[in-house]
Amino acid sequence: MEYKFKPYKYEEPLRGHLNLGGTAPNGGRIDVTSKYFEKNGKPFIGVMGEYHFSRADADTWAEELAKMKAGGVTIVSTYVIWIYHEEIEGEYDFTGDRDLRAFMNICRKVGLDVIIRIGPWCHGEVRNGGFPDWLLKKPFALRENNAEYLALVKKWYSKIAEQVEGLMFKDGGNIIGVQLENEYCHNAEHLAALKEIAKNAGLDAPIYTVTGWNSAAGAKIPVDEVVPVFGGYCDAPWAQGLDALPPSPHYFFNQMRNDSAIGADLATVRTDGDWRLPYERYPFATCELGGGLESTHHRRYIINGMDIYAVSLIKLACGNNLIGYYMYHGNTNKIGKLSTLQESAATGYPNDYPILSYDFQAPISEFGEIREQYRLLNMLHMFVSSFGDIIAPMAAVDAAQSVTLGDNKSLRYGMRTDGKSGFVFVNHYQRRSKLEDLRDVVIDTGFVKFPPIDICGETAFFMPFNMDINGYNLKYATAQPLCKVGDAYFFAEIPGIKARYDIDAAAMRHIVTLTWDEARYLRLLDGELFLGDNCDLYIGEGASVMSAEDKPYSFGYWNGAEFEKISVALPYSEPTLEISDCAEPSFKKPYAYELNIGGGRKVTWKKLTVHGVQGFIELDFMSDVMQLYIDGALTADTYYKGIPWRLPAAMLNGRECYLTYSQARNDFYKEF
């Protein structure tokens, strides 16, 4: 069967209409058009990954940021969470794990730009959405334009500005953007006031963003002052009830940027008369493509790589020109001086989250372990790194045959094109649903007709047409482009589809085809290409090529003609774990209440003995909540999801460790 597209229509991007953009002392410049972002006059697609410095161990920042960069992240986004820095009014803490300036400098050293999300309210599954308790006791309304509240915001923003002085883009630093507030839908005047306060404090950046979701009309924002950013998750752990939700609409190709379901646990969807967000004035940008999901007490999820990769691929096809993930790296909450700092029903929220774990089943776990979506997403990230200037100006064109929610038989596809060349995107994946196999699929772009292919199993991919390969025209390829290094173009063979190239035979010397499994371990590191031998590579201290798995490893280095094999011998010892029954230990347990959410749960204790400082140990007990105590202190926790809880052996090695877990009941949605 043939599949065609709606007509392509060129629209000239608007320029200079937004009160955004800026210049660095070295003459470098960032601008925002209505279609895409520009760096030094050239279109680019940034890859933004969320990682909260204050919810991580400062000693691990450099290594974890290096892993993010190796995964194709170019911009780190991070909340500056008010309650983490001023839990007690007037007492500021920007030291240790809360040292914002040190984190910014490490980002810069690693080679990453930054967008700081300065609130004042952030949500982020933090206590009070990030507001300190003392602020909630003030006798005036918050998140509004009243003098008392704005005076406190001004003071808070000034404290942030002190920490990042000299690090803004305009000063030659790497902070290229500022997000104001979060999930704020209805008051453009307040957002405008926050921008003015931020700029006056010194938080002056070329890009200001706000979350744009609400109803289909979009959040009410100060037009031309900020870029609205959007998101999309594969499910909704904040949704009430214990039943499975309908299939996510994010596995379909459509150009609707807005997902009003995000934040629906807290924000009221509003309509503001005749208001409509003027989407056409801004590039399609995201800040919260779900890198995973954080399970709530009443909804537990098992995330796999394709759950996340397929959504990001679809959004790229639909015009996304800033690829932003929440979360990209999992984190661990702190416990404050006065209270725990996580969102919970006890603080008036509809959801309970773990006291400590904010792992999110993200591409990189809270303990630094690589997950499958990291590898799949990197295939997209390498592509936009090499070809972002080509695809960013391309228009998204819808399929002629639209597919509706619940249709598991029809082909889901889209296209980006400049009217002569482009890329065809196909998604044959729906989370927790089976799509019917399709045979003899012929895709006709209107410019090029692809040969018949079979699309079977769980897959998502894209293919180029009329692509320039060093002056040769690649009419089509039934393979997915990955990156370009020197004069070599790298492609991945799509599972179940033979890689074919319609190009002059002389040009084939420029094309390297990898298997899909190989491509998962391909890394573009500081302009050079490496192929891990089933290991995840990154640039470590001293510019050495490291493996995230902390084991002996080997890889291929692209020398311009072939992958030159390099092996690294490292000592490795598998950790040992002994688990024994025990009585409840006598140390104080101020957080034991987490084991008894809903009441009446039997609690079991186990003593753990771990030897070894490499690798991970696994704990897998059917339970409601698991807590790990080390030397008498709560060190880690999780809501059981039906998969093993993986913990770094080094954290437990040789220490007094106890595991406690509570009885599971049928009071949560589960996928096991």
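Contact means heavy atoms within 4.5 Å. Keep that cut-off in mind for the whole tour.

This is a predicted model, in which local features need pLDDT of at least 70, side-chain atom pairs count only at pLDDT 80 or more, and totals for chains, interfaces and linings use all residues. Residues are numbered from 1 along each chain as its sequence is written, and side-chain values use heavy atoms, with hydrogens and water left out.

**Stop 1: Q163**

Select Q163. It is found in helix α5. Helices (H or I, at least four residues) and strands (E, at least two) are DSSP runs, numbered from the N terminus. Is Q163 buried or exposed? Buried means under 20% relative accessible area, exposed over 50%, and partly exposed in between (1.4 Å probe, protein chains only). Q163 has 17%, so it counts as buried. Now show F94, L100 and R101. Q163 touches these residues, not counting those up to four places away in sequence.

**Stop 2: the largest core**

A nonpolar core is a set of buried Ala, Val, Leu, Ile, Met, Phe, Trp, Tyr and Cys residues joined through side-chain atoms within 4.5 Å. The largest one here has 195 residues. Select I116, Y157, L180, L203 and L482, which have the most contacts inside it. Helix α8 (residues 372-391) gives the largest share of this core, 10 residues. Apart from it lies another core of 18 residues, including W645 and C657.

Zoom in on Y157. Beyond its neighbours within four places in sequence, its contacts include P120, L180, I197 and L203.

**Stop 3: β9, α6 and β10**

Colour β9, α6 and β10. Together they make a right-handed β-α-β unit. A crossover is right-handed if, with the strands pointing away from the viewer, the path from the first strand over the helix to the second runs clockwise.

Start with β9 (residues 175-179), where 5 of 5 residues are buried. Two strands pair if DSSP finds at least two bridges between them. β9 runs parallel to β8 (residues 113-117), joined by 4 bridges, and parallel to β10, joined by 3. Select V178 in β9. It is the bridge partner of I116, and it stands opposite Y208 in β10.

Move to α6 (residues 188-201). How far apart are its end C-alpha atoms? They are 20 Å apart, which agrees with the 20 Å that its 14 residues should span at 1.5 Å a residue. The expected span is 1.5 Å times one less than the number of residues. Buried residues of α6 include L191, L194 and I197. The buried residues of the helix pack against α5 (147-163) and β10 (207-211). At the N-terminal end, N187 is the cap, with a side-chain oxygen 3.2 Å from the backbone nitrogen of E189. Just after the helix, G202 takes a positive phi of about 110°.

**Stop 4**

Most residues other than glycine have a negative phi, and most peptide bonds are trans. Go to the loop between β8 and α4 (133-136), where P120 lies. The peptide bond from G119 to P120 is cis, with omega near 20°. H123 is found in that loop too. It has a positive phi of about 65° although it is not a glycine. At 3% relative accessibility, H123 is buried.

Jump to Y326 and M327. The bond between them is cis, with omega near -15°.

**Stop 5: an open sheet**

Finish with the open sheet of 6 strands, ordered β16-β17-β18-β21-β22-β25 with antiparallel pairing. Its edge strands are β16 (395-398) and β25 (501-502).

Note on methods: A polar contact is a pair of N or O atoms within 3.5 Å; within protein, one must be able to donate a hydrogen and the other to accept it, and residues adjacent in sequence count only if both atoms are side-chain atoms.
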